[in-house]
Amino acid sequence: MNILGIETSCDETSAAVVSDGRLILSNVVASSLKDHQKYGGVIPEIASRRQLEYINIVVGKALDGSRLNYSDIDAVAVTRSPGLIGSLLVGVSFANALSFALGKPLIPVNHIQAHIYANYLVGHGYDASRDRSACLPLPAVGLVVSGGHSSLFYIPDFRTFRLIGETRDDAVGEAYDKVARILDLGYPGGPVIDKLAHTVREPKLRFACAPLAGTSDFSFSGVKTAVLYYSRANSDKPDYSVAEVAAAFQTSVVNAITEKSIEVCKRRKCHSLLIGGGVAANSALRSQLQSRAAKEGIVVSFPDLALCMDNAAMIAGLAFHHYSHR
Ligand code: KG4
Ligand code: ZN
């Protein structure tokens, strides 16, 4: 079964064709990121206008790339929520029209759940003997860490994502972006802080991240404010180092995410931990979660870097499981 997916929840316009919920035949992503950079964050009005400009071209390219025709498409999937309303509207309207014209079902998909599902996608020429997703049994714990969300889910099957914890304030990616703004590192902040933090072996500075003990929730606004106050008070001192601050911030949030995720896996007796979202590209989070999970006998999975970011393959992939249970 070939599903054409469309994703337009934020500043990426993406379309993809995925076969049987697993194999990516094409995955095209256009981004208006550059148009937002000078503002230090995504401007919804600009994002939705770009979505309108890009959508037709992106969907056409995705179909061409899959080497299929519209007649080979069995269903159209689209991100329904969450996201910026103007951006979402473009994708949903386009998908509605396409599904009507093709006479094929329209499958609405939740963006957050799809980020987790990205762990099960494979590309052409994948090596079945190294197929990680075969070793990711359900029930699993899912962790989404992105610009808009930091949430933990209990997943007994691909149609059931039970929310068990989330951030009470900033999302972790949002905290990365705000800290980057405080440190004057540009937007988006995550990749720059990730790189810079690597230049510091062991930060001497410490920023506390609220543990919210006894809950499965996160909080990242306190650590961001701690960085702000520290920088305001110290940025003119000779030993002030932006890299040191970036590394201390990263250590604090990565520890908090790692410890809470492992704790939830143990409590829920889950042996798979599936990570998704833009912050899943973070190298410190990847290595720390891998080594911590290995000690607990938990298999942790991150999607390939390109699939951590917003993309339509994850939408078309998860839609397969909704389709087959309609
Ligand atoms: O999932 P995503 O592409 O969009 C949302 O749905 O939010 O995530 C974007 C977020 C941004 O906040 C960006 O700073 C963060 O992911 N990000 C990173 C890294 N790469 C992207 N954060 C930390 N380390 C990275 N390497
Ligand atoms: Zn996302």
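1. Start with the lining of the largest pocket: α5 gives the largest share of it, six residues. A pocket here is an open set of points on a 1 Å grid over the protein atoms alone, with protein on both sides within 12 Å along at least five of seven lines, and lining residues have an atom within 4 Å of a point.

2. A word on what you are looking at. This is a predicted model, in which local features need pLDDT of at least 70 and side-chain atom pairs count only at pLDDT 80 or more, while totals for chains, interfaces and linings use all residues. Residues are numbered from 1 along each chain as its sequence is written, chains are lettered from A and ligands numbered from 1 in the order in which they are written, and side-chain values use heavy atoms, with hydrogens and water left out.

3. Back to the pocket. The largest pocket has a volume of about 1,100 Å³, a volume being the space filled by probe spheres set on grid points that are joined across faces, edges and corners. It is lined by 39 residues, and D11, S146, G147, D177 and Y187 are the closest to its centre. The elements giving two or more residues to this lining are α4 (111–117), α5 (172–182) and α6 (189–197).

4. What kinds of residues form the lining of the largest pocket? They divide into 15 nonpolar, 16 polar and eight charged. In this count Ala, Val, Leu, Ile, Met, Phe, Trp, Tyr, Cys and Pro are nonpolar, Asp, Glu, Lys and Arg are charged, and the others, Gly among them, are polar.

5. Now for the domains. The assignment gives domain 1 (2–121 + 308–324) and domain 2 (134–302); such bounds come from an automatic or database domain assignment. Contact means heavy atoms within 4.5 Å.

6. Seen as a whole, the chain has eleven helices and ten strands. Of its 326 residues, 52% count as buried, where buried means under 20% relative accessible area, exposed over 50% and partly exposed in between (1.4 Å probe, protein chains only). Among contacts between residues at least 6 apart in sequence, 72% join residues at least 24 apart.

7. The bond from S81 to P82 is cis, with omega near -15°, and P82 is in the loop between β4 and α3. The bond from L138 to P139 is cis too, with omega near 5°, and P139 sits in the loop between α4 and β6 (140–145). Most residues other than glycine have a negative phi, and most peptide bonds are trans.

8. Next, look at two backbone angles. R67 has a positive phi of about 60° although it is not a glycine; R67 is in the loop between α2 (44–66) and β4 and counts as exposed because its relative accessibility is 79%. K269 has a positive phi of about 55°, again without being a glycine, and lies in the loop between α8 (242–268) and β9 (272–276).

9. Finally, visit G83, in the loop between β4 (75–81) and α3 (85–102). G83 counts as partly exposed because its relative accessibility is 44%. Leaving aside residues up to four places away in sequence, G83 touches S9 and L88.

How values were computed: Helices (H or I, at least four residues) and strands (E, at least two) are DSSP runs, numbered from the N terminus. On a 1 Å grid over the protein atoms alone, a cavity is a set of points where a 1.4 Å probe fits but cannot get out, and a pocket is an open set with protein on both sides within 12 Å along at least five of seven lines; lining residues have an atom within 4 Å of a point.
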